[in-house]
Amino acid sequence: MNIANDGRGLYVPDVLVENFSKYINDDTKKILITECEQYGPSLLDLVEANPEIEFTLVARQAVKVELISIAYSHIKNVKMISADIYSYGFTERKFDLIFCVPIFSGRMLVNGEDFISREPDLI
């Protein structure tokens, strides 16, 4: 994972994953976890603790998708997507919850698409 690092140093702390998990209830059936390479073992614990929920994990780089797929290969309720969440229409699926820690820095905004904000973290 470190070899494939794209220079980003943000990692989601375990306490934030614990806070995310408070939003899971009996009606939750599908959860999207964006940029899953930012999460540590607490994400794996969350997924294993909720076998009735379908988790879709997203990573941008194909090599990271392959590595993470190996780590989650024994878990049946996980799907992996190789996509950039900042690209318009990266998935057409619907989810009950989306866990996302956005990039808090400037970046090229998507051109030609309508978003509710021009701020990168809200796109």
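Glu 54 and Arg 93 pair up in a salt bridge, with their closest N and O atoms 2.2 Å apart. Glu 54 sits in strand S2, while Arg 93 belongs to the loop between S3 and strand S4 (97-99), so this contact ties together parts that are 39 residues apart in sequence. Arg 93 itself is partly exposed, at a relative accessible area of 29%. All of this comes from a predicted model.

Glu 54 has another partner too: Lys 79, with 3.8 Å between the closest N and O atoms of that salt bridge. Here the link runs from strand S2 to strand S3 (residues 78-82), where Lys 79 lies, so it ties together parts that are 25 residues apart in sequence. Lys 79 comes out as partly exposed, its relative accessible area being 41%. Put together, Glu 54, Lys 79 and Arg 93 make up a network of salt bridges.

A search of the whole structure turns up 3 salt bridges. Among them is a pairing of the Glu 35 and Arg 60 side chains, at 3.6 Å from N to O. Both residues are in loops: Glu 35 in the one between strand S1 (30-33) and helix H2 (41-49), Arg 60 in the one between strand S2 (54-59) and helix H3 (62-71), so the pair bridges parts that are 25 residues apart in sequence.

Methods:
Residues are numbered from 1 along each chain as its sequence is written. This is a predicted model: local features need pLDDT of at least 70, side-chain atom pairs count only at pLDDT 80 or more; totals for chains, interfaces and linings use all residues. Side-chain values use heavy atoms; hydrogens and water are left out. A salt bridge is a side-chain nitrogen of Lys or Arg within 4 Å of a carboxyl oxygen of Asp or Glu. Helices (H or I, at least four residues) and strands (E, at least two) are DSSP runs, numbered from the N terminus. Buried means under 20% relative accessible area, exposed over 50%, partly exposed in between (1.4 Å probe, protein chains only).
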